[in-house]
Amino acid sequence: MYSAQEDIPTAAKGFPELDRYDPPERNDLSRGRNSGEKWSADMWRLGCLIWEVFNGSLPRSASLRSLGKIPKALVPHYCELVGANPKIRPNPARFLLNCRGPKGFMNNGFVETNLFLEEIQIKEPSERQKFFQELSSHLDTFPEDFCRHKILPQLLTAFEFGSAGAVILTPLFKVGKFLSAEEYQQKIIPVVVKMFSSTDRAMRIRLLQQMEHFIQYLNESTVNNQIFPHVVHGFTDTNPAIREQTVKSMLLLAPKLNDANLNVELMKHFARLQTKDDQGPIRCNTTVCLGKISSYLNVNTRQRVLISAFARATKHRYDTSRGAGGV
């Protein structure tokens with residue numbers, strides 16, 4: 001027990017080496033209760049952390065006066081954190097707001113993306129749509145792990161439970177480049193297969209346009225049983241853009257098609273497009289595509305189809321179709 005007149009001993013610090021992170025007012029007993037707000041000491045230590053991020057371990061508190069490699073855009077806000085007067089240090093909210101101001105250090109796509117993702121569940125559908133549309137332009141500058149573990153789950157969730165639609169395809173395939181083949185099969189391919197069954201035309205044409213990004217991950221069974229049966233509907237679509245893109249996609253799908261789909265089903269659609277489609281460019285592209293995939297056709301189909309198809313093309317009124325038939 002100690003008498004009222006005796007000094008009560010203070011607890012010794014466990015880690016004296018951490019003293020260099022203490023704000024100056026901590027050791028200035030003359031300040032008494034005028035040592036700033038409750039966040040003042042923490043904001044000083046945030047300044048120490050910022051210094052170490054750009055300059056390495058802080059040797060002593062006096063080193064904080066040397067800016068070193070701290071980015072120019074961050075300097076004024078850093079200086080506020082390590083100011084000697086604790087009363088003028090900003091609170092956390094004001095510090096973040098200042099850094100996100102015009103030309104501020106945190107006024108960039110990475111920070112804005114993080115903040116949006118934290119609140120994505122309460123955003124309006126139009127805001128989410130705009131976010132996903134603009135996301136692709138930022139992904140190349142984001143850390144790979146951030147894309148895999150932060151962006152990808154949100155893209156998959158947006159497809160599964162939201163109404164993002166075709167707009168997620170471009171960022172989805174961009175993030176897919178960071179995945180291993182096994183991860184791609186587990187996370188991306190099921191989404192792709194499900195998308196092909198969609199009646200959304202924007203979704204279908206976007207899938208066809210970006211097929212080169214995922215075709216190597218599709219096995220033959222998936223292509224023949226789950227992809228091709230949906231793709232063939234594009235040959236009879238009333239939208240010429242979808243018909244044309246469906247024809248072009250055969251350049252990628254043909255090597256994976258089985259005998260029935262390639263030599264029977266596909267040839268049936270090509271014959272109809274070449275003779276009856278009202279769009280000259282589609283008739284032309286059908287002939288060109290047929291020539292390019294001819295090596296995958298069986299011998300009987302090549303003998304039966306190619307000569308008549310190319311001969312037919314040379315009689316078209318559309319000049320380019322005649323040229324394609326003569327190549």
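Which residue takes a positive phi just after α1? Gly 56 does, at about 90°. This is a predicted model: local features need pLDDT of at least 70, side-chain atom pairs count only at pLDDT 80 or more, and totals for chains, interfaces and linings use all residues. Residues are numbered from 1 along each chain as its sequence is written, and side-chain values use heavy atoms, with hydrogens and water left out.

**View 1. Helix α1 spans residues 40–55.** Helices are DSSP runs (H or I, at least four residues), numbered from the N terminus. At 1.5 Å times one less than its number of residues, α1 should span 22 Å; its end C-alpha atoms are 23 Å apart, which agrees. Its buried residues (under 20% relative accessible area, 1.4 Å probe, protein chains only) include Met 43, Trp 44, Cys 48 and Trp 51. They fall within an arc of 160°, so they line one face of the helix; the arc is that of the directions from the helix axis to the C-beta atoms. Their cover includes α2 (75–81) and α3.

**View 2. Lys 103 has a positive phi of about 60°.** Lys 103 is not a glycine. It lies in the loop between α3 (92–99) and α4 (109–118). Lys 103 is exposed (over 50%), with a relative accessible area of 80%.

**View 3. Phe 270 sits in the largest nonpolar core.** Such a core joins buried Ala, Val, Leu, Ile, Met, Phe, Trp, Tyr and Cys residues through side-chain atoms within 4.5 Å. Helix α6 (residues 144–161) gives the most, with seven. Beyond four places in sequence, the contacts of Phe 270 (heavy atoms within 4.5 Å) include Phe 235, Met 250 and Leu 290.

Note on methods
Helices (H or I, at least four residues) and strands (E, at least two) are DSSP runs, numbered from the N terminus.
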